[in-house]
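Subject: Structure handover

Hi,

Here is the structure I promised to pass on.

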Protein chains: 2
Amino acid sequence: MTAVHDDITMHIEGRHAAILEDFQALLRIPSISALPTHDADTLRAADYVLGMLRKANLEHVQRIETDGKPLLYADWLHAPGRPTVLLYAHYDVQPVDPRSEWNSDPFAPVIEDDYIIARGACDDKNNLTAIIHATAALLAEGTLPVNVRFLIEGEEESSGEAIEAYVRAHAQELASDIVLIADGGIAGHDQPQLEYGCRGMVYVELIARGSQRDLHSGTYGGNAPNPLFALATIIAGLKKPDGTITIPGLMKTVRPPSEAEWANWRKQIPRFEADMAADMGTPLVGDPVQSPIMRAWAQPTLEVHGFVGGFQDDGSKTVIPAEAKVKLSLRLVPDQDPAQVLKLLQKRVAKLTPPGITTEIVNLGMGMPFFTDPTSPAFKASVQALGAEFEKEVWLARAGGSVPIATTLQTVLGADTVMVGFGLENDGAHGPNEHTHLPTFFRGVRSFARMLRAFGEIPGAH
Amino acid sequence: MTAVHDDITMHIEGRHAAILEDFQALLRIPSISALPTHDADTLRAADYVLGMLRKANLEHVQRIETDGKPLLYADWLHAPGRPTVLLYAHYDVQPVDPRSEWNSDPFAPVIEDDYIIARGACDDKNNLTAIIHATAALLAEGTLPVNVRFLIEGEEESSGEAIEAYVRAHAQELASDIVLIADGGIAGHDQPQLEYGCRGMVYVELIARGSQRDLHSGTYGGNAPNPLFALATIIAGLKKPDGTITIPGLMKTVRPPSEAEWANWRKQIPRFEADMAADMGTPLVGDPVQSPIMRAWAQPTLEVHGFVGGFQDDGSKTVIPAEAKVKLSLRLVPDQDPAQVLKLLQKRVAKLTPPGITTEIVNLGMGMPFFTDPTSPAFKASVQALGAEFEKEVWLARAGGSVPIATTLQTVLGADTVMVGFGLENDGAHGPNEHTHLPTFFRGVRSFARMLRAFGEIPGAH
């Protein structure tokens, strides 16, 4: 095996300049999908990626128009008897605000020491560039060990609606044995990691309504229903101050982690907790019955994201608003169903609503939790490939975040699904001065090539 | 008595056109003290009022410069042996937003049926115009039955700081026996009312801080301190869902209303409750141990005015903010001291603050509760004058709102203080389409003249 892998390593090393050129060119395009003023940029990024796919000698390279941002498709299906791998990444990025906290132009990539700094450097133009160039290197070297389909989207950082609809409508054409989600993270630059699960989500706006107009607190205070106080009461009633969620029935559907999972997690606990505490600048808090890693990976959480309503400016105004809203989300774990959790939440909120107030829950988005079998052949092949590249044992982890498209691809295509990526938690994805570690980025290119090779060696996968 | 009073009535009726002209001219000036873009307008309004004072044949008419908006002073002190009355009103108004909810230009007064519609029509250009013209009518008729000092301010709707400082520094020059605050309300167009108390206030911003930067709820949810959740918990802990405040020690200093007060309030309960429910469009809610009129007039209340922090826009963002704030106020009753209540609040908040969160309370304003003896000669004279004008029993009431200047004038000058005004609760003070009932406005002019006459008949007041 080492001979072949050394070939890939050498071949990719010979292409570093070309890979870096594409990476930087992509980073220069402000493809912010959430902002309509950047629609033309987002299309430019899509076209640039189409060019990369063509240069890689992929076939059927095409822009698929949708109601939102276009999807990009390409394939190479000339490895009969070998598995078909669907490769997913996204070409859009988050907005850059607060702009004032950036030390350089977010769309003029700067290289400092081993790092490249730009919006999208760690989420997800690094992984996008890496999977295309890994495939290009293998094709240029001779042939691909697997069949591949690229499906790349441009609204992962906004709605994600186009790809959801497309996958459901075109399951046959996308038929694949393995899905590789190139949009994950790594535990450390020296510590490879594979995530076999992440959390589902219910994101709602909870609206409370009281009187028919805003009121003066002097005249009406003490006699008027106050929607802001009602929302505070409801939120406080959904969780104890220590973090325990108090929604009846919510915990019943939680699948406990297996002994094998725990065995893996135990090794990661010190680093996980130390990194998180350092990043927050405070000790970890939460449900005292659970350990922090359990709270992040294997338990549902409920968080408040914003209160909207009443007086928001500087100074004092004595208003009792007629209406107020709170944004909140629940992160879900296997085997929790978002629709069912939404019902439990509605029931609990109705019970907590104080007199004089009516409440309404608006569903702003739901996603299934993702879970894949870490003993599946595709997963084990991924572990082997990453371990060889990093020369280190791969940590098996779950993630606290949500990647709804992973679950959709997994269930609609019935494929083994693997998530992998090469950004670190403190690389500043979504924040100012987002960056990535260039040696780890190139290691990512090599890792993807090794994974495709490893998938090709799975016997009888197709 | 009737002959004299009929003279005033006739004299004022003869001046209706001139009074209305001044009222409308004042309403046309957008003297919004909170908005620096209207500073020139506020000065124009001040100058217009100075002109009115001069035309009334008052003496020592002057603009007193301050760090804020100017104060206006005038006097007439030629009634030896009679009491001196300090007449207070304000020439500034609230901002007009939401402008879109006005049916006409807020500064182009419109008369429809018996109503005049404009910003300031009910708060406080009506009462300001009325007290000056009542004085002018008496002077024009012959002489004043009392000595008068006008002290008119231009920042009642913003900070109110200038007059507070001025009164404290110039107590000797302002020496008076009676203070008449021409900035109150009436129970109904047919129902005269005198307020002998209103509530004090502590207005604070409560800040909660968690981690050192905003966090992603997927990665950190369940392990990070959430300042928004902390604030919800604290707010919910300050009051039970039924409205009872749970700050230890707060109720100890509440002076219960006397039997005589209750006897007066009982008559007012049906109208009070019906008006409030109609205005809110919901039933009244609150501390079940107290009746609504007690909750509004004789009990402290705690209200939340706004939550600031986290995600405020449309859509969903899964942020756990590093910091969040809530604006809240307590209305206080005799004998509650704002500084002491602030300490009780701080202690309670510290106790309710959940792990991982630090809280800070920023004092945004305090005011003493106001209370005056309804059996004092000045108060009884006011009751008699209003009763004669309306030919109806005057209701004695307290108010839920706060008029800090009343307490300052009362305590610094050691004067009997009476609050009176002719706006109705549903006249829309501070809101869109503010208006006043013109026949009631002219009744206000006559009432002020009757009050000055009645003050003049108090034996040995000086």
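Before the notes, one convention: buried means under 20% relative accessible area, exposed means over 50%, and partly exposed is whatever falls in between (1.4 Å probe, protein chains only).

Some housekeeping. What you have is a predicted model, where local features need pLDDT of at least 70 and side-chain atom pairs count only at pLDDT 80 or more, while totals for chains, interfaces and linings use all residues. Residues are numbered from 1 along each chain as its sequence is written, chains are lettered from A and ligands numbered from 1 in the order in which they are written, and side-chain values use heavy atoms, with hydrogens and water left out.

Now the charges. Over all chains there are 42 salt bridges, counted when a side-chain nitrogen of Lys or Arg is within 4 Å of a carboxyl oxygen of Asp or Glu. Helices (H or I, at least four residues) and strands (E, at least two) below are DSSP runs, numbered from the N terminus.

One bridge crosses between the chains: D279(A) pairs with R213(B), with the closest N and O atoms 2.6 Å apart. D279(A) sits in helix 8 (residues 259–280) of chain A and R213(B) in the loop between strand 9 (200–209) and strand 10 (215–216) of chain B, so two chains are joined. D279(A) is buried at 16%, and R213(B) is partly exposed at 34%.

Within chain A, D22(A) bridges to K55(A) at 3.4 Å between the closest N and O atoms. This pair ties helix 2 (residues 16–27) to helix 3 (residues 39–55), 33 residues apart. D22(A) is buried at 3%, whereas K55(A) is exposed at 60%.

In chain B, E389(B) and R446(B) form a bridge of 2.9 Å, and both count as buried, E389(B) at 6% and R446(B) at 14%. Over in chain A, E389(A), R443(A), R446(A) and R450(A) make up a salt-bridge network.

Cheers
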